[in-house]
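I wanted to keep a record of what I looked up in this structure, entry by entry.

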Amino acid sequence: MGQAEAWLREEAQRRGWSKAGAVRGRRAREGLVGLLREGPAAVMVEVNCETDFVARNAEFQRLVEQAALGAMAHCRAAAPPAGCSKHLLQADELAQLRTGPGGALLSDHLALAIGKLGENVALRRAAWLRVPEEDGYIAAYAHGWLPAAAPVAMGTYGALVACRVTEPRAPAATLEEVGRKVAQHVVGMAPTALGTPQDQPRGEEETRLLAQSFLLEPGLTLGQFLRARGALAVCDFLRFRCGEEPGESGAAAPR
């Protein structure tokens with residue numbers, strides 16, 4: 001029975017690679033962004049397909065989850081950071097990751113998914129943030145039509161925000177609330193740089209996160225909201241929009 005199951009999987013994988021060759025080159029700009037948090041680490045992945053219909057398929061969403069697990073294993077294998085750290089993975093690097101020790105390559109999972117779904121599917125990219133365990137916190141937010149689900153949240157937009165906890169005794173619920181609001185702002189306002197708490201806003205075209213008008217309280221900048229609310233200070237962030245062209249994604253740039 002074990003040999004039969006192995007043969008069936010190998011045959012499905014072979015047919016998947018054959019199908020992948022047939023659909024290669026077809027435009028794939030639909031799909032999902034997946035986010036996974038584990039303590040002081042969080043990852044975000046983008047997996048593309050040709051149609052919104054396939055993005056709603058459980059088989060496709062399973063591939064997004066596998067990609068997030070592979071990226072998290074890669075993140076956890078890195079040396080613990082002295083401060084906040086960020087790493088980006090391109091498509092070829094992501095495809096060579098495994099979902100865990102002894103697990104199959106993500107490229108093999110991709111071939112199986114293409115064989116079952118019949119569309120061009122692509123492991124587009126991934127990124128992770130890590131913070132020190134003693135005073136770090138990572139907020140996450142996925143926006144789209146999928147309901148929140150554990151462990152991997154999915155949507156068409158995603159944001160990760162690395163923070164330093166400024167109030168050591170702040171309740172976990174407070175950190176979650178404040179962090180989620182900041183991550184929602186990152187999704188909605190698409191900042192491209194972090195800036196500093198002292199920055200003066202430059203109007204509607206402002207792209208520095210801390211100087212932007214806060215999405216949920218437009219009378220304040222995000223920096224002013226954080227100073228008034230307390231609990232967290234932002235160190236870095238990442239933003240993905242599914243299907244965006246290279247260079248469009250939000251990530252904290254030099255100040």
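**Entry 1: salt bridges**

I began with Asp52 and Arg56, whose side chains meet in a salt bridge with N and O 2.8 Å apart; by salt bridge I mean a side-chain nitrogen of Lys or Arg within 4 Å of a carboxyl oxygen of Asp or Glu. I must keep in mind that this is a predicted model, in which local features need pLDDT of at least 70 and side-chain atom pairs count only at pLDDT 80 or more, whereas totals for chains, interfaces and linings use all residues. I also noted that residues are numbered from 1 along each chain as its sequence is written, and that side-chain values use heavy atoms, with hydrogens and water left out.

Are Asp52 and Arg56 buried, partly exposed or exposed? Asp52 is partly exposed at 32% relative accessibility, and Arg56 is partly exposed at 46%, where buried means under 20% relative accessible area, exposed means over 50%, and partly exposed lies in between (1.4 Å probe, protein chains only).

Next I looked at Glu177 and Lys181, which form a salt bridge with their closest N and O atoms 3.3 Å apart. Both residues lie in helix H6 (residues 172-189), four residues apart, which is about one turn of the helix; helices (H or I, at least four residues) and strands (E, at least two) are DSSP runs, numbered from the N terminus. Glu177 is partly exposed at 34%, and Lys181 is partly exposed at 24%.

The salt bridge of Arg76 with Glu38 has its closest N and O atoms 3.6 Å apart. This pair links distant parts of the chain, since Arg76 is in helix H3 (residues 58-77) and Glu38 is in strand S1 (residues 30-38), 38 residues apart. I also found a network of salt bridges that links Glu46, Arg124, Arg125 and Glu244, and a search of the whole structure gives 15 salt bridges.

**Entry 2: Cys84**

I found Cys84 in the loop between H3 and strand S3 (85-90), where the residue is partly exposed at 34% relative accessibility. What does Cys84 contact, leaving aside its neighbours within four places in sequence? I listed Arg130, Val131, Pro132, Ala162, Cys235 and Asp236, with contact meaning heavy atoms within 4.5 Å. Asp236 is 152 residues from Cys84 along the chain, yet their C-alpha atoms are separated by 7.5 Å.

**Entry 3: helix H7**

In H7 (residues 222-229) I noted Leu222, Gly223, Phe225 and Leu226 as buried. They cover an arc of only 160° around the axis (taken from the directions from the helix axis to the C-beta atoms), so they are on the same side of H7. The buried residues of H7 pack against H6 and against strands S8 (213-214), S9 (217-221) and S10 (232-241), while the face turned away from the buried side carries the exposed residues Arg227 and Ala228. After H7 comes Gly230, with a positive phi near 75°.

**Entry 4: strand S4**

Why did I call S4 largely enclosed by the rest of the structure? Eight of the nine residues of S4 (residues 122-130) are buried. Strand S2 (residues 41-49) runs antiparallel to S4 and is joined to it by eight bridges, two strands being paired if DSSP finds at least two bridges between them; here Val45 stands opposite Ala126 in S4. S3 also runs antiparallel to S4, with six bridges, and His87 stands opposite Trp128 in S4.
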